[in-house]
Amino acid sequence: MSGMEAGLVRKYPSDAGGLRAARHGAHGHSASARTAHSMSASALRKKSDASLVRKVPFAPLRPVLANLQEVFLGTKLAVLFPAVPLAIAAQCANFGQVWVFALSLLGLIPLAERVSFLTEQIAIYTGPTVGGLLNATCGNATELIIALFALMQGKIEVVKCSLLGSVLSNLLLVLGTSLFCGGIVNLGADQPYDRSQADVSTGLLILGVLCQSLPLMLRYAVGAGEHSVAAATTGLELSRACSIVMLLAYVAYLFFQLKTHAQLFEPQEVDEDGEDREEAVIGFASGLFWLAFKTVLIAILSEYVVGTIEPTSKSWGLSVSFISIILLPIVGNAAEHAGAILFALKNKLDITLGVALGSATQISMFVVPLSVIVAWIAGIQMDLDFKLLETGSLFVSVIVTAFTLQDGQSHYLKGILLLLCYIVIGACFFVTRQPSGHGNGNGVGLAVPTGTWNAQVA
């Protein structure tokens, strides 16, 4: 029992039964089965000091303050929370769109971590299966909400680039940094990991790349000219069919992960004495309320980010594609990524791989096809044609990651290779300029710094 929980139980014994029951499932089994995502995010959390709450003279106010303390101050990222009201104030006061964009990005970092925390708290009460489904839905809530807002505003390119960037960031940046840092810190020691989880994730990622490549290959096979309109229509229908296939594959993956082969995805224990077991520190109803509240805040800031990305692009001299592919994914999952690196330093690579590959799989096989289906329902023409450069980068990244993880042993050179791949791809998008008016087009203009010529890539 944590210090805060013990203090609350002593003061409010009627709540003790609920907190104890929350540690067990509906049938009395332990509900402490935790995913790699939850264990990674927990690395940035801190225990609250219950002594401050006990000093409050007005007793009925103590549970409320304890709840607020856990929700807002129970993370090492609490210092970034002021960016949330500042972003809202800057937007209301028309302070400057660049400031709104920057403050919104900073505010999304602690909100994403708190959503992960609240999802875990609810999962303790609902059991591992419902908790796993909840984690699968809310695990990348920031990327999903940003994609939906961009989709509703007709910014198809922002949707595609941000989702592509999330996959690239997880496969190359997060995994590469983790393997490199873990390899340096644990130099000379064995750094094993379970290949089974990596094989399942990379197999799904290859299926995702195939489904995203088919509309692109169809467009090149049919060609332009008199068949271009028919090819676009066929490509859109093919994209919707592939999206349905991807969602069905993801459902099968969830059943595989949560039911039939759950043992393959159980993360390594962090401490031998069981200190890593998650305990309920807030109630079920409170968790639902705060989850809804944090999700609303993420939606508000996501709308600000989508609405100000183009003015920020012009102000910073960066392309919208570069900001969407590089900056948005890094900020959106900064807390989870930092946790993955911390566990790599402890030589707990199964957790690191579960975070990086799990997030990439969730984006590729769930968020991307869901965006296409939502666009279909809303009457918006969004397909899976991510264009040649983007699709090629994704294909190479998946193949490089699959080959890197094939032997079950890690070292720092693997991290260096993945990081160099990410740097090269990032440099490519840095010099790429998206022409205006190409909201859902397939052309990319390449702006060369010398300004002597422009190459148009089909």
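**View 1. T295 sits in helix 13.** Helices here are DSSP runs of H or I with at least four residues, strands are E runs of at least two, and both are numbered from the N terminus. This is a predicted model, where local features need pLDDT of at least 70, side-chain atom pairs count only at pLDDT 80 or more, and totals for chains, interfaces and linings use all residues. Residues are numbered from 1 along each chain as its sequence is written, and side-chain values use heavy atoms, with hydrogens and water left out. T295 counts as partly exposed because its relative accessibility is 32%; buried means under 20% relative accessible area, exposed means over 50%, and partly exposed is in between (1.4 Å probe, protein chains only). Look for I145 too: it is 150 residues away along the chain, yet the C-alpha atoms of T295 and I145 are separated by 8.9 Å.

**View 2. T312 is another residue of helix 13, which covers residues 284–316.** Is T312 buried or exposed? T312 counts as buried, because its relative accessibility is 0%. Setting aside neighbours within four places in sequence, T312 is in contact with Q97, V98, F101 and I323. Contact means heavy atoms within 4.5 Å.

**View 3. Q257 belongs to helix 12, residues 228–260.** Leaving out residues up to four places away in sequence, Q257 touches A262 and F265. Q197 is 60 residues from Q257 in sequence, and their C-alpha atoms are 9.5 Å apart in space.

View 4. Most residues other than glycine have a negative phi. You'll find N94 in the loop between helix 6 (83–92) and helix 7 (97–126), and N94 is exposed because its relative accessible area is 68%. K387 lies in the loop between helix 16 (349–378) and helix 17 (388–404), and it counts as buried because its relative accessibility is 2%.

**View 5. Helix 10 (residues 156–185) meets helix 18 (residues 412–430).** Two packed helices are described by the angle between their axes and the distance between the axes. The axes of helix 10 and helix 18 come within 7 Å and cross at roughly 145°. Axes are lines fitted to C-alpha atoms, for helices over the stretch in contact, and angles run from 0 to 180 degrees between N-to-C directions. This crossing of helix 10 and helix 18 is left-handed. Sorted by class, the contact of helix 10 with helix 18 has 17 nonpolar, 5 polar and 1 charged residues.

**View 6. L171 and L405 have the most contacts inside the largest nonpolar core.** That core has 99 residues, and helix 10 gives the most to it, with 14 residues. A nonpolar core is a set of buried Ala, Val, Leu, Ile, Met, Phe, Trp, Tyr and Cys residues joined through side-chain atoms within 4.5 Å. Which residues does L171 contact, leaving aside its neighbours within four places in sequence? L171 is in contact with G176, L205, L357, A360, S397, V398, T401 and L418.

**View 7. Zooming out, the protein chain has 18 helices and 3 strands.** Of its 458 residues, 52% count as buried. Among contacts in the protein chain with a separation of 6 or more, 80% are between residues 24 or more positions apart.

Conventions. A crossing is left-handed if the near helix is turned anticlockwise from the far one by less than a right angle, and right-handed if clockwise. Ala, Val, Leu, Ile, Met, Phe, Trp, Tyr, Cys and Pro count as nonpolar, Asp, Glu, Lys and Arg as charged, and the others, Gly among them, as polar.
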